[in-house]
Amino acid sequence: LAAMASQNKDAYEHLRSVLHTDSAVAGESAGIAMGLVMLGSADQSALGDMTQYGHDTQHEKIIRGLAVGIALTMYNRQEEASELIATLEQDKDGIMRMSACFTIGMAYIGTGNNSVIRK
């Protein structure tokens, strides 16, 4: 929590190394923590890393953690998140499609945007 929304690359890289150990519980936590570190940054490199590893791993726990991490990275980004949301909606993995729903919620949180609420 000390690095939350800091976009600290050292903290992110440390969490990424934990993610790549492919341990289900540690990986799920690392995925969420990566999103917390990159909270609201819309960092394309981090999003690419998280999305790619979500496709590469077989651990559902890790994929769930990354799904939340991806959404946290797009916090309050509204229209900037549209392309990512569209991509996630079409993903073959159900958990990654669920990440599209999380991303919609995080990107538009508190806006009262009726068109997004209908979506």
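Trainee: Which residue forms a salt bridge with Glu13?

Mentor: This is a predicted model, where local features need pLDDT of at least 70, side-chain atom pairs count only at pLDDT 80 or more, and totals for chains, interfaces and linings use all residues. Residues are numbered from 1 along each chain as its sequence is written, and side-chain values use heavy atoms, with hydrogens and water left out. A salt bridge is a side-chain nitrogen of Lys or Arg within 4 Å of a carboxyl oxygen of Asp or Glu. For Glu13, the closest N and O atoms are 3.2 Å apart, and the partner is Arg16.

Trainee: Which helix holds both Glu13 and Arg16?

Mentor: Helices are DSSP runs (H or I, at least four residues), numbered from the N terminus. Glu13 and Arg16 sit three residues apart, about one turn of the helix. Both lie in helix α1.

Trainee: What is the N to O distance between Arg16 and Asp49?

Mentor: Their side chains meet in a salt bridge at 3.4 Å. The pair links distant parts of the chain, Arg16 in helix α1 and Asp49 in helix α3, 33 residues apart. Glu13 joins Arg16 and Asp49 in a network of salt bridges. The N to O distance asked for is 3.4 Å.

Trainee: Is Asp49 buried, partly exposed or exposed?

Mentor: Buried means under 20% relative accessible area, exposed over 50%, partly exposed in between (1.4 Å probe, protein chains only). Asp49 has 23% relative accessibility, so the residue counts as partly exposed.

Trainee: How many salt bridges does the whole structure have?

Mentor: Another one joins Glu28 and Arg64, with closest N and O atoms 4.0 Å apart. Glu28 lies in helix α2 and Arg64 in helix α4, so the pair ties together parts 36 residues apart in sequence. A search of the whole structure finds six.

Note on methods: Helix = DSSP H or I, 4+ residues; strand = E, 2+ residues; numbered from the N terminus.
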